Amino acid sequence: MKIVLVDGYSDEPSGLGVPPYLDVYARYVAGAAWEHDPYSEVFYLTIDQVREKPDLYVKTASKADLLVFLAGVCVPGKYLGGEPIKLAELRRYPLMVEGPVKVLGGPAAKFGIGVEGGRVAKLPSEVANSFDLVVNGDIEVVVSDLLRERLNVEAVDPSRARRSFKEVEGKAVRGAKVVKQHPCYGRNLIVELETYRGCPRFLVGGCSFCIEPLYGPPDFRKPEDVAAEVAALYSEGVDRFRVGRQPDLLCYMAIGVGEQEYPKPNLNAIEKLFRGIRASAPLLETLHIDNVNPGTIAHHPEEAAEALKIVVKYHTPGDVAAMGVESVDPNVMKANNLKVEAEEALRAVELVNRIGAQRGYNGLPHLLPGINFVYGLIGETKETFELNLEFMKEVLRRNLLVRRINLRQVMAFPGTKMWDVGDSIIRRHKAFFKAHKTRMRSEVDQPMLMKLMPRWTILRGAYTEAYGKGLTYARQPGSYPILVCCRSKLNLGLYLDFVVVDYGHRSVTAVPYPIDLNTANRRLLESIPGVGERRAARIMSARPFRRLDEVFKALEDREVAENLVRYATLS
Ligand code: SF4
């Protein structure tokens with residue numbers, strides 16, 4: 001059996017699969033193939049590879065028995081690591097191939113695909129001519145069924161959901177070896193780990209826009225099963241992980257799930273989960289988390305604090321607890337059944353700072369909150385934008401740190417309360433949103449970044465990923481990495497240390513650390529605080545330096561030279 005998987009990338013509230021991240025879908029589907037027949041040939045291609053070499057894709061896929069496209073719910077947006085598949089490509093690429101049974105799976109097939117701010121194109125009608133089967137159930141179990149039924153699409157139910165995680169575990173372990181085909185393998189690959197599905201707030205209907213309550217009561221993976229998958233991934237060479245596939249890490253196997261809207265964090269289970277991951281991957285490089293519900297913190301502050309201490313004990317620094325505050329406007333909160341009021345959200349931010357603000361070995365605080373706001377919700381007015389901005393300014397005034405502020409427009413999915421509203425509020429408030437975003441970026445994001453990474457902060461191990469106009473972009477692999485812009489063309493694919501010298505709205509300008517004063521180009525030298533054009537020219541005409549004290553003479557400014565020498569080297 002020959003199977004080709006085309007990963008169109010996914011980006012969901014719980015789960016990321018845009019490079020360097022690899023989400024669960026491709027791994028589970030590959031595992032389903034190898035569970036069915038260990039000798040199956042599985043070829044994994046990303047959509048970027050397909051775009052780059054369409055002929056190779058056609059040649060490989062034409063010889064396959066089964067062609068599976070995986071696509072996510074993606075707002076067309078910019079990602080440094082790859083470009084998610086577009087609706088037109090989902091129609092076009094399968095039609096270029098003749099022979100295999102063609103299947104579409106992943107969140108796009110389940111919920112629709114984002115086409116522009118707030119709009120979702122419903123599938124399968126949009127892609128009916130391109131696929132033999134559009135799976136709106138769980139792709140890995142439907143592929144399993146399909147293989148068992150000898151690829152007879154009539155014999156399987158495309159809406160079949162997994163009965164429990166038991167159906168996934170074997171696939172998760174077997175599918176681990178597909179990671180070796182990922183373009184980021186051996187470089188900066190981060191693998192997303194799933195611990196449960198479903199939101200405990202399904203009891204009260206959940207938030208108006210969210211699909212998670214549609215799964216019903218949460219279904220948890222056992223810590224030992226997660227550890228077994230990590231061991232399999234680690235033995236294949238994966239050393240970066242994110243425990244990102246769950247709506248609220250603090251609710252992992254929480255006490256009172258199914259009875260309470262906000263169950264109590266289960267410290268034993270969280271400890272067991274993280275201990276198991278660490279034991280399975282003892283020399284891992286990155287272990288981060290993602291979503292944390294501020295409502296859980298507000299209702300169980302003591303247990304939440306203990307749970308976050310466990311995270312900090314086992315994780316690696318630079319971690320983010322992304323909190324879906326969504327809106328601090330009380331009217332919006334009520335109309336959309338959101339989780340926390342402004343004061344509760346502030347307390348949650350304070351608590352995460354208290355546990356995680358200490359700086360770690362890579363230059364970043366251990367664990368900080370991220371804040372997500374959603375716009376276009378029921379009850380939103382002009383004042384909503386003011387309240388959210390004011391909330392973030394209060395965070396700044398209280399000297400609290402936030403790693404990332406995410407402002408997104410709601411995407412309405414079938415089955416949610418927002419479906420009937422659609423993008424009508426977004427369209428009405430388009431200008432408000434645009435102005436709000438600009439103000440948030442300049443009045444909050446940038447000052448926050450300056451507090452988070454003061455000038456001369458040394459950032460360890462940022463991976464040089466891409467070039468921009470006269471720039472090299474680098475990021476420390478992990479949750480919501482901060483973009484490091486360097487005004488020089490550095491070799492790509494390297495882990496380098498940088499020192500922060502300046503700020504964009506959501507990025508920092510940095511120079512490689514230590515900076516080689518004998519080889520650094522003019523633009524790089526000019527970007528160093530206190531150096532500027534004139535002194536950069538003096539440095540360049542005085543080199544080569546043999547000793548660092550010669551720099552003092554060249555600059556004739558003791559303070560600037562002292563600072564510079566502290567971060568410099570001579571080749
Ligand atoms: S708390 Fe709200 S946003 Fe979070 S998973 Fe539950 S329903 Fe979704």
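This is a predicted model: local features need pLDDT of at least 70, side-chain atom pairs count only at pLDDT 80 or more; totals for chains, interfaces and linings use all residues.
## Helix packing

Two packed helices are described by the angle between their axes and the distance between the axes.

| Helix pair | Angle between axes | Axis separation |
|---|---|---|
| α1 (residues 24-36) and α6 (residues 139-148) | about 25° | 9 Å |
| α8 (residues 223-235) and α9 (residues 267-280) | about 20° | 8 Å |
| α9 and α11 (residues 301-314) | roughly 5° | within 10 Å |

Helices α1 and α6 pack at an angle of about 25°, and α1 is therefore roughly parallel to α6. Their crossing is right-handed. On the α1 side, the contact is formed by Y25, Y28, V29, G31, A32, A33, E35 and H36, while α6 contributes I139, E140, V143, S144, L147 and R148. By class, the residues of this contact comprise 8 nonpolar, 3 polar and 3 charged.

For α8 and α9, the angle is about 20°, so α8 counts as roughly parallel to α9. Here too a handedness is assigned: α8 passes α9 in a right-handed crossing. From α8, the residues P223, E224, V226, A227, V230, A231 and Y234 meet A269, K272, L273, G276, I277, A279 and S280 of α9. This contact consists of 10 nonpolar, 2 polar and 2 charged residues.

Helix α9 also packs with α11, their axes crossing at roughly 5°; α9 is therefore roughly parallel to α11. In this contact, α9 supplies L267, I270, E271, F274, R275 and R278, and α11 supplies E303, E306, A307, I310, V311 and Y314. The division by class is 7 nonpolar, no polar and 5 charged residues.

## Ligand shell

The residues surrounding the ligand are C199, R201, G206, C207, C210, E212, P213, P247, N293, G324 and K339. Divided by class, this shell contains 5 nonpolar, 3 polar and 3 charged residues.

## Backbone geometry

Most residues other than glycine have a negative phi, and most peptide bonds are trans. The following sites depart from those patterns.

The peptide bond joining P19 and P20 is cis, with omega of about 10°. P20 is situated in the loop between β3 (15-16) and β4 (21-22). A cis peptide bond also runs from R543 to P544, where omega is near 10°. The loop that holds P544 lies between α18 (532-542) and α19 (550-555).

R150, which is not a glycine, has phi of about 55°. This residue is placed in the loop between α6 and α7 (166-174). R150 counts as exposed because it has 9 C-beta neighbours inside 10 Å, and the cut-off for that class is 12 or fewer. Y480, likewise a residue other than glycine, has a positive phi near 45°. Y480 belongs to the loop between β20 (471-475) and β21 (483-486). With 17 other C-beta atoms within 10 Å, Y480 is therefore partly exposed.

## Selected residues in helix and strand

V103 is part of strand β7 (residues 101-105). There are 28 C-beta neighbours inside 10 Å of V103, so V103 counts as buried; the class begins at 20 or more. Leaving aside residues up to four places away in sequence, V103 touches L66, V68, F131, D132, L133, V135 and V143. Among these, V143 is also one of the α6 residues in the contact with α1.

E350 lies in helix α13 (residues 342-356). E350 is partly exposed because 16 other C-beta atoms lie within 10 Å. The C-alpha atoms of E350 and L400 are 6.7 Å apart in space, although the two residues are 50 residues apart in sequence.

How values were computed. Residues are numbered from 1 along each chain as its sequence is written. Helices (H or I, at least four residues) and strands (E, at least two) are DSSP runs, numbered from the N terminus. Axes are lines fitted to C-alpha atoms, for helices over the stretch in contact, and angles run from 0 to 180 degrees between N-to-C directions. Angles under 35 degrees count as roughly parallel, over 145 as roughly antiparallel, 65 to 115 as roughly perpendicular and the rest as oblique. A crossing is left-handed if the near helix is turned anticlockwise from the far one by less than a right angle, and right-handed if clockwise. Two residues are in contact if their C-beta atoms, placed from the backbone, lie within 7 Å. Ala, Val, Leu, Ile, Met, Phe, Trp, Tyr, Cys and Pro count as nonpolar, Asp, Glu, Lys and Arg as charged, and the others, Gly among them, as polar. A residue is near a molecule or strand if its C-beta atom, placed from the backbone, lies within 6 Å of it.
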